[in-house]
Amino acid sequence: MKILITGATGLVGKALTRQLLKQSHQITALTRAVNTAQKLFPEVDWVSSLSTYKNLDQFDAVVNLAGEPIFDKKWTDEQKLRLKNSRILLTQQLTQLINRGKRPPVFISGSASGFYGNAGSQLLTESALPATSFTAELCQAWEAAAQQADTRVCVIRTGMVMSPRGGALARMLPLYRFGLAGKLGSGQQFMPWIALKDMVRGIIFLINNPNAVGAFNFSSPNPVTNKEFNRLLGSRLKLPHFFSVPACILRLFLGERACLLLDSQNVYPKKLLDLGYTFQFEHLETYFSKTLKQKRKK
């Protein structure tokens, strides 16, 4: 297939591009840094703009993963606008190009579990209602822009993507090594998570499945609380994990962004499972045991 990817230099985008190339697909990818990206994947046709395209009929699939990192900077009004524009404006541009064609590609577009806000222990399938927080409204607008495409559209509400080589887990590991890790807030908040391998396999599954349409929860069928996550990771690494950060301290230092660490989302991937997708990693303990090395005894 011929596939267009945005966000191909991110954690998920790189893994997806690598896997699609292994399957002999032809990849075109959008990036602002073509020279740097070409060194990453010389086989990819890198483009810096979509302005040369009249439509996207030449592609069989479009995978839209681009977006300003949500946790890296303080949520000022300016940064919130940047977060919105980096997701919504590009998605609208892709939608317009898809709708101008006569042979529209399948459209896989990003979203996040933040769609559900802080939902406590409520089991969240794709039919659950959205919240009214900033992250929830951001995800709703992002999804609404994608759903305007006159083709088969799948939006992926992603949990925390697990990889020791990047993303949230890679940032956590040094804290455990320095004995600064532990539960956040009460520790009772549910954390939706998905292994990077399942993230990639799931996207390819949606591309290839003509019955896949609408919103999909991209998270393990077995979410864990923050307290359990901390116990499993600390035990696997055989490192101290008894540090604790009160919710008030997180809110003091992170402001509104603290919701990304404290909101509880007991997400369940009902639609993926109903379509027959089989997770490679269903349980966090299994994932840690197969991907993380334990600290060697001296």
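User: Buried means under 20% relative accessible area, exposed over 50%, and partly exposed in between (1.4 Å probe, protein chains only). Which of these is Lys270?

Analyst: Lys270 is partly exposed, because its relative accessible area is 37%. This is a predicted model, where local features need pLDDT of at least 70, side-chain atom pairs count only at pLDDT 80 or more, and totals for chains, interfaces and linings use all residues. Residues are numbered from 1 along each chain as its sequence is written, and side-chain values use heavy atoms, with hydrogens and water left out.

User: What does Lys270 form a salt bridge with?

Analyst: Its partner is Asp274, with the closest N and O atoms 2.7 Å apart. A salt bridge is a side-chain nitrogen of Lys or Arg within 4 Å of a carboxyl oxygen of Asp or Glu. Both residues lie in helix H10 (residues 270-274), about one turn of the helix apart. Helices (H or I, at least four residues) and strands (E, at least two) are DSSP runs, numbered from the N terminus.

User: And Asp274, buried or exposed?

Analyst: Asp274 counts as exposed, because its relative accessible area is 54%.

User: How many salt bridges does the whole structure have?

Analyst: Eight. One of them joins Arg157 and Glu143 at 2.8 Å, N to O. Arg157 is in strand E7 (residues 153-158) and Glu143 in helix H4 (residues 134-147), 14 residues apart. Arg157 is buried because its relative accessible area is 5%; Glu143, at 7%, is buried too.

User: New topic. Where is Phe107?

Analyst: Phe107 sits in strand E5 (residues 106-112). At 0% relative accessibility, Phe107 counts as buried. Beyond its neighbours within four places in sequence, its contacts (heavy atoms within 4.5 Å) include Val62, Leu94 and Cys154.
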